[in-house]
Amino acid sequence: MTSGWKKIDLLERGKYENSARKKSPVLQQLFWECTLRCNLRCRHCGSDCQLNNMRVDMPLNDFLRMLDEIGTEINPREILVITTGGEPLMRKDIVDCGRAIKKRGFYWGMVTNGMLLTKNKLEELIDAGLDALSVSVDGLKDNHNWMRGNERSFDKAISAVKLVADNSKRLSYDVITCVNNRNLCELHSLRELLLSIGVKRWRIITVFPSGRAVNDKDLQLDSQQFKKVMDFIVETRKIGKIKASYGCEGFLGPYEYEVRDYQYFCQAGINVASILHDGSISGCLSIRSEFHQGNIYKDSFMDVWNNRFQKYRDRSWMRTGPCENCEVWRWCEGNGMHLRDNDGNLLLCNYNKLFRGFNN
């Protein structure tokens, strides 16, 4: 790992850069929860999605009106609009959605479980202007299927990854793996599988206690297991054949810059905003607590973006409980917003898990 003093210098530089970003928020990513319908029932889902969700998908024109408003103040070429859900491919008009997003000058990305991604569908998406795609693969066959609740889901996901890898010159893509205490032992084998397909970018995340995962002990890692994940990412990055990185799950102490290319920084409300299925305006879709800042059906999105999000941009209110006297507050500033409950209490601290042996 990077030496102590050099790491402090990096952390201080990162703090300076992150402070500047908070003072001058710039919207760069906009997530659209375009549906709550899903063809899987994953154990870790935070949205409680289901096949025949009674909540109607947001009409495309409602979302486009908001994009048109954004385009009057911000250059669309500076923003990536990411369609997610639920499973975005459950929308029959998803190609039309993407085409309309691209017509307005925005970049277009998508997160999918791969169940409906055929060769023809991918061709339609690319022709409509799809720029980036993420596919979830959560272990080898048995454990992926256990996680996703469908015995066909692994084969479908791998087929989707192969299709996307074959089109890597036409769009950017990565694979997302959610590590739990069942698939942890498979990481090396999964790495070899992804390498054999030609995957170059691999995003590794862990489960935080939200949605269906709150009381599922099979999904949670203890301190030693979590450290193994970090060490695996460090090892994989040194090998260099596939670019592995850890998600934005909070400050990681000495692992900063070792498991990511950047220092931890919760971008919610600073560079990232989300539109939920009902029109609610939030930071990022991982935030399931009630930190909504408005709703596109009654508020101007740009007014909300420019004049609200105070809880996101000034995190001083987080310095309570275990954060009050924490020695790494200077760089962490209270973890991600998605790791707070409705009352602002901290649900999980991965720094605690790594270096104090506390399992939240």
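**Close-up views of a predicted model**

View 1. R260 is located in the loop between strand 7 and strand 8; helices (H or I, at least four residues) and strands (E, at least two) are DSSP runs numbered from the N terminus. The model is a predicted one, in which local features need pLDDT of at least 70 and side-chain atom pairs count only at pLDDT 80 or more, whereas totals for chains, interfaces and linings use all residues. Residues are numbered from 1 along each chain as its sequence is written, and side-chain values use heavy atoms, with hydrogens and water left out. With a relative accessible area of 1%, R260 is buried (buried: under 20% relative accessible area; exposed: over 50%; partly exposed: in between; 1.4 Å probe, protein chains only). A polar atom of the R260 side chain lies 2.7 Å from the backbone oxygen of G247. This is a polar contact (N or O atoms within 3.5 Å; within protein, one must be able to donate a hydrogen and the other to accept it, and residues adjacent in sequence count only if both atoms are side-chain atoms). Residues up to four places away in sequence aside, R260 touches R237, Y246, G247, C248, E249, G250 and L252 (contact: heavy atoms within 4.5 Å).

View 2. The side chain of Q263 places a polar atom 3.4 Å from the backbone oxygen of L11. Not counting residues up to four places away in sequence, the residues touched by Q263 are L10, L11, G14, K15, N18, E256, Y257 and W331. Of these, L10 lies in helix 1 (residues 4-23) and is buried, with a relative accessible area of 16%. The C-alpha atom of L10 is separated by 9.7 Å from that of Y262, 252 residues apart along the chain.

**View 3. D138 between strand 4 and helix 5.** The loop between strand 4 (132-136) and helix 5 (141-148) contains D138, which is buried at a relative accessible area of 1%. The D138 side chain reaches the backbone nitrogen of C178 at 2.7 Å. D138 and T177 stand 39 residues apart in sequence, yet their C-alpha atoms are 4.8 Å apart. Neighbours within four places in sequence aside, the contacts of D138 are H44, N143, H144, M147, R148, I176, T177, C178 and N183.

**View 4. The buried face of helix 7.** L187, L190, R191, L194 and I197 are the buried residues shown in helix 7 (residues 187-197). Viewed down the helix axis, the buried residues of helix 7 fall within an arc of 125°, so they line one face of the helix (the arc is that of the directions from the helix axis to the C-beta atoms). They pack against helix 6 (153-166), strand 5 (172-179), strand 6 and helix 8. G198 follows helix 7 and has a positive phi, near 105°.

**View 5. Aromatic pairs.** The count of aromatic pairs comes to 10 (Phe, Tyr and Trp rings, the last by its six-membered ring, pair if their centres lie within 6.5 Å; planes under 30 degrees apart are stacked, over 60 edge-to-face, the rest tilted). W202 and F232 form an edge-to-face pair, with 5.7 Å centre to centre and 85° between the planes. This pair joins distant parts of the chain, W202 in strand 6 (residues 201-206) and F232 in helix 8 (residues 223-239), 30 residues apart. Both W202 and F232 are buried. F251 and Y351 form a tilted pair, 6.0 Å centre to centre with 35° between the planes. Here too distant parts are linked: F251 is in the loop between strand 7 (243-246) and strand 8 (272-275), and Y351 is in helix 12 (residues 350-355), 100 residues apart. F251 counts as buried at 2% relative accessibility, as does Y351 at 12%. One aromatic cluster consists of F251, Y255, W331, Y351 and F355.

**View 6. Arginine charges over rings.** The charged end of R77 sits over the ring of Y107, 4.2 Å from its centre (NZ of Lys or CZ of Arg within 6 Å of the ring centre and within 35 degrees of the ring normal). Likewise, the charged end of R182 sits over the ring of W146, at 4.1 Å from the ring centre.

View 7. The structure holds zero disulfides (a disulfide is a pair of cysteine sulfur atoms within 2.5 Å). For C326, the closest cysteine sulfur is that of C349 at 6.3 Å, too far for a bond. For C332, the closest cysteine sulfur is also in C349, at 6.1 Å, too far for a bond. C326 is buried with a relative accessible area of 14%, and C332 counts as buried at 12% relative accessibility.
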